[in-house]
Amino acid sequence: MSMSKWFVAVLAFLLCAHGVRAGVYNEAGDAGDFLHPQDVIGSGITSIEGSIGGDDSVDAFRFFFDGGTLYVTAQLESVIDGMRTLPIALFREDATRTDPCTATNPCLGAFGVIDLTREPLAAGNYVIGACYPPNPCIDVDPPFTIGFLVDPTTGKSAEIGTPVPEPAPLVLLLSGLMALVARRRPFRFGPHQSRAVDGTSLPRQV
């Protein structure tokens, strides 16, 4: 066996041993609520696995979606208190008036399903919360899976990934960096320039 094949085999064994599967994001600790969602880390994610519990009543996750149709499901690992699905809510982080899912008017899935196959979403960062609305929900701490599909009729998976900086905050960040650089590198007037009263440069009279 070549060295490269041996390395690949060892890596695959380690990933399997630690329960890491392609396309699955596992909740790290206890995800926060809508004000403090847990960022999904990775790319090509097709499902989120976690468990309801902790100090908050909602487990919220933030992720980037490239846009298009989306069909979201939230299922428990087993039937608990007569429930097999979890109520969920979805909204775009920096939504506009044309977005179907906003923070003030989120898309709700009372029976564990949010169907947006007829209302394509714009690309951007989204937040999804499991066990919302919290009443009725469950008091125990069962494992759950949030799945993402493009179309439930075909079974094609939708892919999400790590949140990205939104355009507006990114512009502000770049503007701040440019201002900082300008302050660290003051402009020097050339031999044929002088400073006007208002601070602008004027041609020097010869």
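These are my notebook entries on what I looked up in this predicted model.

**Entry 1: the whole chain**

I began with the overall make-up. The protein chain has 15 strands and 2 helices. I then checked burial, and 32% of the 206 residues in the chain are buried. The accessible surface comes to about 13,200 Å². Carbon and sulfur atoms account for 59% of that surface.

Next I looked at contacts between residues at least 6 apart in sequence. Of these, 68% join residues that are at least 24 apart.

**Entry 2: strand S5 and its partners**

Which strands pair with S5? I found S9, S11 and S6 among its partners. I took them one by one.

- S5 covers residues 68-80 and S9 covers residues 113-121. The two run antiparallel, with 5 bridges between them. I picked out threonine 73, which stands opposite valine 113 in S9.
- S11 covers residues 143-151, and its pairing with S5 is antiparallel too, over 6 bridges. Here I noted alanine 74, whose bridge partner in S11 is isoleucine 146.
- S6 covers residues 83-85 and pairs with S5 in the antiparallel sense over 2 bridges. Isoleucine 80 has methionine 83 in S6 as its bridge partner.

**Entry 3: the disulfide**

How many disulfides does the structure hold? I counted 1. It joins cysteine 101 to cysteine 107, with an S to S distance of 1.9 Å. Both of these cysteines are buried.

Is this disulfide left-handed or right-handed? The torsion about the S-S bond of cysteine 101 and cysteine 107 is about -90 degrees, so I wrote down left-handed.

**Entry 4: cysteine 131**

Cysteine 131 sits in the loop between strand S10 (124-130) and S11. Is it buried or exposed? Its relative accessibility is 2%, so cysteine 131 counts as buried.

Cysteine 131 has a positive phi of about 70 degrees, although it is not a glycine. I noted the background for that: most residues other than glycine have a negative phi.

**Entry 5: salt bridges**

How many salt bridges are there? The count is 3. I went through each pair.

The side chains of arginine 62 and aspartate 39 meet at 2.8 Å, N to O. Arginine 62 belongs to strand S4 (residues 59-65) and aspartate 39 to strand S2, so this pair ties together parts that are 23 residues apart in sequence.

Arginine 62 also forms a salt bridge with glutamate 93, at 3.0 Å, N to O. Glutamate 93 lies in the loop between strand S7 (88-92) and strand S8 (107-109), while arginine 62 is in S4, so the two parts tied together here are 31 residues apart in sequence.

I put these together as a network of salt bridges that links Asp39, Arg62 and Glu93. Arginine 62 has a relative accessible area of 18%, so it is buried, since the cut-off is under 20%. Aspartate 39, at 28% relative accessibility, counts as partly exposed. Glutamate 93 is partly exposed as well, at 32%.

The remaining pair is aspartate 99 with arginine 92, whose side chains meet at 3.2 Å, N to O. Both aspartate 99 and arginine 92 are buried.

**Entry 6: glutamine 38**

I finished with glutamine 38, which has its place in strand S2 (residues 38-39). At 12% relative accessibility, glutamine 38 counts as buried.

What does the side chain of glutamine 38 reach at 2.8 Å? I traced it to the backbone nitrogen of alanine 28.

I also listed what glutamine 38 touches, leaving out residues up to four places away in sequence. Among them are Tyr25, Asn26, Glu27, Ala28, Asp30 and Ala31. The list also includes Ala60, Phe61 and Arg62. Arg62 was already in my notes, as part of the salt-bridge network with Asp39 and Glu93.

Technical notes: Residues are numbered from 1 along each chain as its sequence is written. This is a predicted model: local features need pLDDT of at least 70, side-chain atom pairs count only at pLDDT 80 or more; totals for chains, interfaces and linings use all residues. Side-chain values use heavy atoms; hydrogens and water are left out. A disulfide is a pair of cysteine sulfur atoms within 2.5 Å. Buried means under 20% relative accessible area, exposed over 50%, partly exposed in between (1.4 Å probe, protein chains only). Two strands pair if DSSP finds at least two bridges between them. Helices (H or I, at least four residues) and strands (E, at least two) are DSSP runs, numbered from the N terminus. Contact means heavy atoms within 4.5 Å. Accessible areas come from the Shrake-Rupley method with a 1.4 Å probe; for residues, only the protein chains shown count as cover. A polar contact is a pair of N or O atoms within 3.5 Å; within protein, one must be able to donate a hydrogen and the other to accept it, and residues adjacent in sequence count only if both atoms are side-chain atoms. A salt bridge is a side-chain nitrogen of Lys or Arg within 4 Å of a carboxyl oxygen of Asp or Glu.
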